[in-house]
Amino acid sequence: MSNSQVANPELYDPRKVLDHPDFRVLNSGEKPSKESNIAAFYNPAHEIHLVEKPKPKPGPGQVLIHVRATGICGQVPYMPLSPDVHFWKHGRIGDSMIVTDECGSGHESAGEIVEVGEGVTQWKAGDRVAMEVGVPCSKPSCDACRTGRYNGCPDVVFFSTPPYHGTLTRWHVHPAQWLHRLPDNVSFEEGSLCEPLAVALAGIDRAGLRLGDPVVICGAGPIGLVSLLSARAAGAEPIVITDLFQSRLDFAKSLVPGVHTVLIDRNATPKAQAEVIKKAAGGPLQLALECTGVESSIHTAIFSVGFGAKVFIIGVGRNEQLFPFMHLSAHEIDVQFQYRYANQYPKAIRLIAGGLINIKPLVTHRFTLEEAVAAFHVAADPAQGAIKVQIQD
């Protein structure tokens, strides 16, 4: 049976790696060879460590990639953890994404093709690519795939979401059709940042942001900051961004000097905080991009916008939350959500290559692949001040 006839869950079955005789967990302090296929894995015991695993061979429709850059989201204390750190620390997100065995991390990656499999004609060794890591079934019988909303495919394989291993590894096999060519003026580092940028761009798309819309962005973590860059590129004005920490707001100001910043007062009510935001903006906002998922922040966003406005929630929060129902109803405020992204990578690459979005300053810490465990500890520690931690090979 060819790869084209094998369903993705079978093709990328994690047991193929875990049961392979070459798979082993490295001892603490053990130095792997430069040629070994090492990766960062977490497990149900909340351990993060390096492993050695077999170097894969690309099958039909696949390519082998030397992963050159992978990002880890930094932790913001009042937000949910980034997925990779969250799976390490808590072992699950919701009821469907649960760490039950050793699982490879990483889903923000770019690299260089080193070998192509049978039937691959659009790529060759040496091509530089960003990897889109949510691989849907692509079957005509799948409504989500057929209508272009493939992020809703029920049979998606999303690398680094349990049980599937991620892309934080030296050698990774990827389906050829889910790669995106990097122009010469876009680095591997920028290519890996296309993943969080795709999240923000999906939010901008679905929120319907228009030129001149007044916008508030709640949360100046990695997704809030790429949302800020995207909203500015889309022509939002004015833009207000909020956070609990002045250092984050200062960083936002360095990215977009014209942004208005509001330091959140932990003791203020959402209504009182909303008044501060509206004053900073010069009036009610037309759109709120909520990037924390925290209930109090969502309430603040709701009270910050005017009649007929929209609150678009990008952040991921608790499973059940309370909303100010009658305020939403009486003010015809729309509340909207998103799940991952679709059709955003080509746009992200064009925006970076064309200079409309400068995403380089987001990378605050860099580590080698051999130092991946240390990189995770920095990403998980808010005292380190990391925005985006990069692992490069």
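Tyrosine 42 stands opposite isoleucine 48 in strand S3. Strands here are DSSP runs (E, at least two residues), helices are DSSP runs too (H or I, at least four), and both are numbered from the N terminus. The model is predicted: local features need pLDDT of at least 70, side-chain atom pairs count only at pLDDT 80 or more, and totals for chains, interfaces and linings use all residues. Residues are numbered from 1 along each chain as its sequence is written, and side-chain values use heavy atoms, with hydrogens and water left out.

Tyrosine 42 belongs to strand S2, which is covered on both faces. Asn37, Ala39 and Phe41 lie on one side, Ile38, Ala40 and Tyr42 lie on the other, and all are buried. Buried means under 20% relative accessible area, exposed means over 50%, and partly exposed is in between (1.4 Å probe, protein chains only). Because 6 of the 6 residues of S2 are buried, this strand is largely enclosed by the rest of the structure.

S2 and S3 run antiparallel and are joined by 6 bridges. Two strands count as paired if DSSP finds at least two bridges between them. In general, strands of a sheet pair through backbone hydrogen bonds, either parallel or antiparallel. S2 and S3 form a hairpin with 5 residues between them. Histidine 46 sits in this turn. The phi angle of histidine 46 is near 65 degrees, a positive value in a residue other than glycine. Histidine 46 is partly exposed, at a relative accessible area of 39%.

S2 also pairs with S7, in the antiparallel sense, over 2 bridges. Phenylalanine 41 has glycine 104 in S7 as its bridge partner. Together, 4 strands form an open antiparallel sheet in the order S1-S3-S2-S7. Strand S1 (24-25) and strand S7 (103-104) are the edge strands, and each pairs on one side only.

A second pairing involves S14 and S15. These strands pair in the parallel sense over 4 bridges. Isoleucine 217 stands opposite isoleucine 241 in S15. From S15, Ile239, Ile241 and Asp243 point one way, Val240 and Thr242 point the other way, and all are buried. With 5 of the 5 residues of S15 buried, the strand is largely enclosed by the rest of the structure. Proline 238 lies in the loop between helix H7 (222-233) and strand S15 (239-243). The peptide bond from glutamate 237 to proline 238 is cis, with omega near -5 degrees.

A cis peptide bond also joins proline 162 and proline 163, with omega about 10 degrees. Proline 163 is placed in the loop between strand S11 (157-158) and strand S12 (171-175).

Helix H10 (residues 295-304) is largely enclosed by the rest of the structure, because 9 of its 10 residues are buried. Among them are Ile298, His299, Ile302 and Phe303. The buried residues of H10 pack against strand S14 (215-218), helix H9 (270-281), strand S17 (285-290), strand S18 (305-313) and helix H11 (325-330).

Glutamate 332 lies in the loop between H11 and strand S19 (334-337). The phi angle of glutamate 332 is near 45 degrees, a positive value in a residue other than glycine. Glutamate 332 is exposed, with a relative accessible area of 51%. Alanine 380, in helix H13 (residues 372-380), is buried, at a relative accessible area of 13%. The C-alpha atoms of alanine 380 and valine 85 are separated by 6.5 Å, although the two residues are 295 residues apart along the chain.

Over the whole protein there are 13 helices and 21 strands. Buried residues make up 58% of the 393 residues. Of the contacts (heavy atoms within 4.5 Å) with a separation of 6 or more, 71% involve residues 24 or more positions apart. The C-alpha trace spans about 60 × 45 × 40 Å along its principal axes. The radius of gyration is 21 Å, which agrees with the value near 21 Å for a compact globule of 393 residues. This radius is taken over C-alpha atoms, and the globule rule is 2.2 Å times the number of residues to the power 0.38.
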